[in-house]
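This report describes the nonpolar cores of the structure shown below and the pairing of several of its strands.

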Amino acid sequence: MKLRSWTRRLGVGAVVLALGAFPVAAHAQGAADGSEPGSGAVVNPAFNLDGSATVTPTGWTATGTAGASFVEATGYGYNGDPYQLTHWSSSAYQVTTWQRVTGLRNGDYTLGVWVKSGGGDTANYIELRSGPASERTAVPVISDGSWLYIVTSVRVSGHEAVIRLVSDSAAGDWTNYGLVTLTPGHASLPIRGGDVSSLVRGEQLGGVYYTASGRQEDALRILGDAGMNYARLRVWVNPVDGFNDEQQLLAGAREARAHHMKLFLDFHYSDTWADPGHQSIPAAWANDSLSQLEAQIYSYSAKVVSDLVRQGTPPDMVQTGNEVNGGFLWPTGLDYGSSTAWPTFGALLKSAIAGVKSADPRTKIALHIANAADWGGVQWFYDNAQAQGVPFDVIALSYYSYWHGYLDELQSTLDQTAARYGKPIVLAETAYPWTLESGDPTATLSFSTASELETGYPATPAGQAAMFRDTLSIVQAVPGGLGLGAFYWEPTWTVVKGNGWDPTDPNSGDGWENQAMFDYSDTALPVISDYAPR
């Protein structure tokens, strides 16, 4: 809940990053002033040229409901002038504030806008148009009045573009706009993924999936047709019932590749679930010394990746450990919160990474921890990883708003992470409920607490879709083009008897069914549309 200064974001510069499989391009920032009309410049980008109560600020045109677009002398504070454009009316309204920018060189451009909104809108978005091209990004809801930065990009033709700030809102609903920038470059979102680790088992046990129109179809085809392009799959060393073992991983990788998806491999280095509070050492490794563990994790990582390569499904990205905030292979790998154990944990991490690289030198290495809204925890972990000389390519974070924090806290952490480390960032896990009602009496829902939902994002199909959409928008806006995208966690883990969360209990349910992308009739929910390319 901190205001990110526009100067920090504008200072990123125009950078194109070459990172193997990731087509990352920066949304370069040019001159932010633009207060004087000029070739290719936004006129009055901070709405500060005319003072308050101006209905039509210099350089802008308002169409729609009369009086619903106006300037207020409070808000963003560009160059010390606390002005903002406000959309609001005491009755239902539709209004667009727009500006045509001319004298542009043809090519990719990114519109960036600082926004905040109380929610409740039918449609509320920024849009950039040029010729036949048009792209928009919805304005997120922010409950505490903080500003968020969102972007959208198009290919400019004809040397001009139209900026549109649009609100279709109910009586009393409001949206504020701060600084507006238009700069060369494209803000892409190359990864739009899902963790589908439970899918193969679910299908084997009779799980079925339907499109929104009611046609039975393969789950990955439904998601892939919507735009999902990356599958994340976990693997356990020797699970009690074979759930998440290597054979299931190999089958899942074949299925993902058959649907033209890239692969993100998630090593848990355990026989069961691994997360910040659980990092149990595999039973077969329990009595090993540190040197033996280094050899074990090297050879195991190399074998799994080699087997994937051998069957023609090499991983495009690998995470060596799952949510390893406090290390892995406890108690050897790092006692939770103790920096004194980092040399041991670092040595194990480097052995795991070396094993992966020995089998496939081209794959990218991600280090994954939980809580993408906690900058202090992120800095502590990656500073220590770098101090130990751990080689990695991607910062991978988990983000569940109901556990970790609001969207402004996510954006603040991602911005600071990008600035400090200069590495691509991906949300390895995120999800949101479409209902708080259970569809399976055999398991308690993993999340069903209404008071912890983010304001403006109810536990409804529309609320679920809005949260995933706006989370992706925050990642897309990371400075320097360093936001790769996000993986929705277990979109296909629906209610299927025998496909539960507990490997020791074949009768357990999963408890995640209210956060899947399919409802209790196994029909695709609106959230799948968020996979559309950006």
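Isoleucine 163 touches Val42, Trp60, Thr97, Trp98, Gln99, Val101, Leu111, Glu127, Leu128, Val180 and Leu182, with residues up to four places away in sequence not counted; contact means heavy atoms within 4.5 Å. The model is predicted: local features need pLDDT of at least 70, side-chain atom pairs count only at pLDDT 80 or more, and totals for chains, interfaces and linings use all residues. Residues are numbered from 1 along each chain as its sequence is written, and side-chain values use heavy atoms, with hydrogens and water left out.

Ile163, Phe267, Tyr382 and Leu397 have the most contacts inside the largest nonpolar core, which has 124 residues. Such a core is a set of buried Ala, Val, Leu, Ile, Met, Phe, Trp, Tyr and Cys residues joined through side-chain atoms within 4.5 Å. Buried means under 20% relative accessible area, exposed over 50%, and partly exposed in between (1.4 Å probe, protein chains only). Helix α6 (residues 342-359) gives this core its largest share, eight residues. A second, separate core of eleven residues includes Ile191, Phe264, Ala366 and Val426.

Helices (H or I, at least four residues) and strands (E, at least two) are DSSP runs, numbered from the N terminus. Strand β15 (residues 262-267) is largely enclosed by the rest of the structure, because five of its six residues are buried. Its pairings follow; two strands pair if DSSP finds at least two bridges between them.

| Strands | Sense | Bridges |
|---|---|---|
| β14 (residues 230-235) and β15 | parallel | six bridges |
| β15 and β16 (residues 317-320) | parallel | four bridges |

Arginine 232 has phenylalanine 264 in β15 as its bridge partner, and phenylalanine 267 stands opposite threonine 320 in β16.
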